[in-house]
Amino acid sequence: EYVAYTPFEVADQTFTGTTTVDVLSVTGAATGTDLTLSGGLYVGGAVAANYLDDYEEGTWTPGVEFGGNCVGITYSSRPALYTKVGDLVSVSAYVLLSSKGTSVGSFKINGLPFTHSAVSVFFTPVTMYLGAVSYSGSFQGYVQTNDTVMTFIEATDAGAISNLQNSDCANNSGIMLSATYK
């Protein structure tokens, strides 16, 4: 039996099963598996900027469109993954066409798992590799604010910028891409 008139600490405590505490403060190392929280987690101090309340991983389905349409487009492969931490989303995908279809117009990838932040003041660049796509100079891609679509452009050596088109693609065109956006 213990009688204590001031707070005391128990050294080397091990919790098993379900244990509920109002406040758990850990100094030193914490080991184990599977920590479930009913709310968020403060990392680096209990201020709003350090509050993590959203983590998610999953898959998404990228789709190719030309001029906003996707008539007759078929795919050989299109695996895609995302990770969302707070309001930051990282996506990656590999899209390989088996037919580019008959739609005409600007080349875009749709189906991003989350809408790009409308309060951002900039577009987010896309890192990519294109296969069986013709272009002049260099190619670039971006996610526009308040959108779930990636747009692809080409910049000629002379500095002219234009959207990549269906006519720049082949039936076996492919794209590997990644982007991180808010």
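Is Leu52 buried, partly exposed or exposed? Leu52 has a relative accessibility of 31%, so it counts as partly exposed (buried is under 20% relative accessible area, exposed over 50%, partly exposed in between, with a 1.4 Å probe and protein chains only). The model is predicted, so local features need pLDDT of at least 70 and side-chain atom pairs count only at pLDDT 80 or more, while totals for chains, interfaces and linings use all residues. Residues are numbered from 1 along each chain as its sequence is written, and side-chain values use heavy atoms, without hydrogens and water.

**Aromatic pairs**
- The whole structure holds six aromatic pairs (ring centres of Phe, Tyr or the six-membered ring of Trp within 6.5 Å; planes under 30 degrees apart are stacked, over 60 edge-to-face, the rest tilted).
- Tyr82 and Phe114 are an edge-to-face pair, because their planes stand at 80°, with ring centres 5.4 Å apart.
- Tyr82 belongs to strand β6 (residues 80-85), and Phe114 to the loop between β8 (107-110) and β9 (124-133), 32 residues apart (strands are DSSP runs of E, at least two residues, numbered from the N terminus).
- Tyr82 is buried at 10% relative accessibility, whereas Phe114 is partly exposed at 22%.
- One aromatic cluster consists of Phe66, Phe107 and Phe152.

**Charges over rings**
- The charged end of Lys84 sits over the ring of Phe114, 5.4 Å from its centre (NZ of Lys or CZ of Arg within 6 Å of the ring centre and within 35 degrees of the ring normal).
- The charged end of Arg78 sits over the ring of Tyr75, 3.9 Å from the ring centre.

**Strand**
- Leu52 lies in strand β2 (residues 51-52).

Notes:
Helices (H or I, at least four residues) and strands (E, at least two) are DSSP runs, numbered from the N terminus.
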